[in-house]
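Work through the following exercises with the sequence and the model at hand, and try each task before reading its solution.

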Amino acid sequence: MINFQYLRTTSVKSAIALLLKDKNAKFLAGGTNLIDLMKRGVTAPEKLIDINHVPLKQIEQIGNKIHIGALATNTAVADHALIKEKLPLLSWALQAGASAQLRNVATVGGNMMQRTRCGYFYDTEMPCNKRQPGTGCGAMEGFNRMHAIFGTSEKCIAVHPSDMCVALTALDAEVVLANGKGERKIAFKDFHRLAGDTPQLDNNLKADEMIIRVEIPVNNLAKNYHYLKVRDRASYAFALVSVAAAFELNNNKITDIRLAMGGVAHKPWRLTASENFLKGKEATLSNFEKAAELAMTGAKGFGENNFKLKLAPNTIIEALNLAKSKA
Amino acid sequence: MKPSDQKPNQGDSRRDFLKKSSVITAIALTPGIAVKAAENNADERFAELFEKIPLNLTVNNKAYKALVEPRVTLLDYLREELHLTGTKKGCDHGQCGACTVHVDGQRVNSCLSLAVMNEGKKITTIEGLADGDTLHPMQAAFIKHDGFQCGYCTSGQIMSAVACIREGHTSSRAEISEYMSGNICRCGAYPNIVDAIVDVKEGGATV
């Protein structure tokens, strides 16, 4: 690992002030992705600002929203009574990700900022428009079994690897970001970006901003929900396809529904057309199948990942079935 | 370049420092000064002063003070500086769990934690589990149930297994397997590892 300057800070204000001083500085939270990327030479920041002592670990309900600080660990969120009771989909998604050791240090903000696990991004000998814009995409015609089927660009077909972010996208979360002057709030679904012509940008966080917290509206989706993650082994692997499904059921009629997919795009993939179709309909297998078909509009395989064109709709149907049977 | 530019100070970025230290190197190439600078290894020494960070932590109930480069991982600090080589380096990328230790009671991958991030923390490694010559119940259970073959992953498995019980994730064999999934065993001792954990849990010993 190339050496760097290490600084510690204890407040949002000083963290942002330190960031503004040096464009080649990065925030260090759990470090489970950043330190790995630095060991591999994918990134080499000149300065790390350790923000682990900044007080952003709160998990609390304020009005009709649940606030989760950017530095709350994945374990703290997944195990918190409030989250288990009111946002069990989020708790499940978190527990489907990584390992117990990683979840003990990985944070909410760090999870949002994690980079793709595309092998071409990680291998500095390979072309990658995300790591080094203009060098080409190795995955396009290479090993692309893990790669995207939705919203791809000619420059990049990488996927965002998070489970937590899929659940937060489904749950209509918002993100609060701060810079030296104030705060702004954006919809979680607008935090991450599609690759387009700028695959080097994973998200819309500006260079002078820090993630402060996420806010999730309390909902009626805590009864019929499921996070289904399909992967190469039973645990501790990134998703081939994952589906976050939650709905409110009245006499077998769906009155509210949230659906999002992971492992299929450069950002968590909300299934709005499928949600609109299912709203007001009976929770039946044939409706689930129709919703899954709608979800696949515009999907495109790149060879090794063609199986996802079938795996994705099947995972949607199974997640909806499992959510329905949870009573 | 003025002589005052040669001396790095605390407010400088690393890049600035490197620029300045290369100035020292350039000066060092001139005769006379060259010999002296080379003898003193000037910019190497500046680099060390500039880049090492004080660290205080407790490992297995013993307090340590050190100066470490920020890039040194907790794993390398434990193994290379403290010579606590029970904690193993497997993949060094957070994928295998061989480096699992407890930090303030929670299991973590020491390969993905910088030593300096652990300022003031209490670390427990495999060397800190036994009570003198009396094995920790989990260590004894791994021997009883043959929970290893080559043994390389074992210290990580045991640290994780102890945490698994403390966390309360032992209601079934399936739950144990799920919560032990961050520890890979290439010999495939998994069923015996689960046997050991079930045995300790049912035995009710304090872990």
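**Exercise 1.** Determine how β1(A) and β3(A) run relative to each other, and how many bridges join them.

*Solution.* In this predicted model, β1(A) and β3(A) run parallel and are joined by four bridges. To place one of these residues, take A:Arg8, whose bridge partner in β3(A) is A:Asp50. Next, widen the view to the open sheet of three strands, which has the order β1-β3-β2 in chain A and parallel pairing. In that sheet β1 and β2 (25–28) of chain A are the edge strands, each pairing on one side only, and neighbouring strands are turned against each other by 25° on average, direction ignored.

**Exercise 2.** Explain why β9 and β12 of chain A each have one side without a neighbour in their sheet.

*Solution.* Begin with the strand order, which is β9-β10-β11-β12 (chain A) in an open sheet with antiparallel pairing. Because β9 (224–230) and β12 (269–270) of chain A stand at the edges with a single partner strand each, one side of each is left without a neighbour in the sheet. For β9(A), seven bridges link it to β10(A), residues 241–250, in the antiparallel sense, and A:Val230 stands opposite A:Val241 in β10(A).

**Exercise 3.** Describe the side of chain A that touches chain B.

*Solution.* Count the contacts: 24 residues of chain A are in contact with 27 residues of chain B. Then assign elements, since β1 (5–8), α2 (34–39), β3 (47–50) and α6 (100–103) of chain A each supply at least two residues of that side. Its residues divide into nine nonpolar, nine polar and six charged.

Notes
Residues are numbered from 1 along each chain as its sequence is written. Chains are lettered from A and ligands numbered from 1 in the order in which they are written. This is a predicted model: local features need pLDDT of at least 70, side-chain atom pairs count only at pLDDT 80 or more; totals for chains, interfaces and linings use all residues. Two residues are in contact if their C-beta atoms, placed from the backbone, lie within 7 Å. Ala, Val, Leu, Ile, Met, Phe, Trp, Tyr, Cys and Pro count as nonpolar, Asp, Glu, Lys and Arg as charged, and the others, Gly among them, as polar. Two strands pair if DSSP finds at least two bridges between them. Axes are lines fitted to C-alpha atoms, for helices over the stretch in contact, and angles run from 0 to 180 degrees between N-to-C directions.
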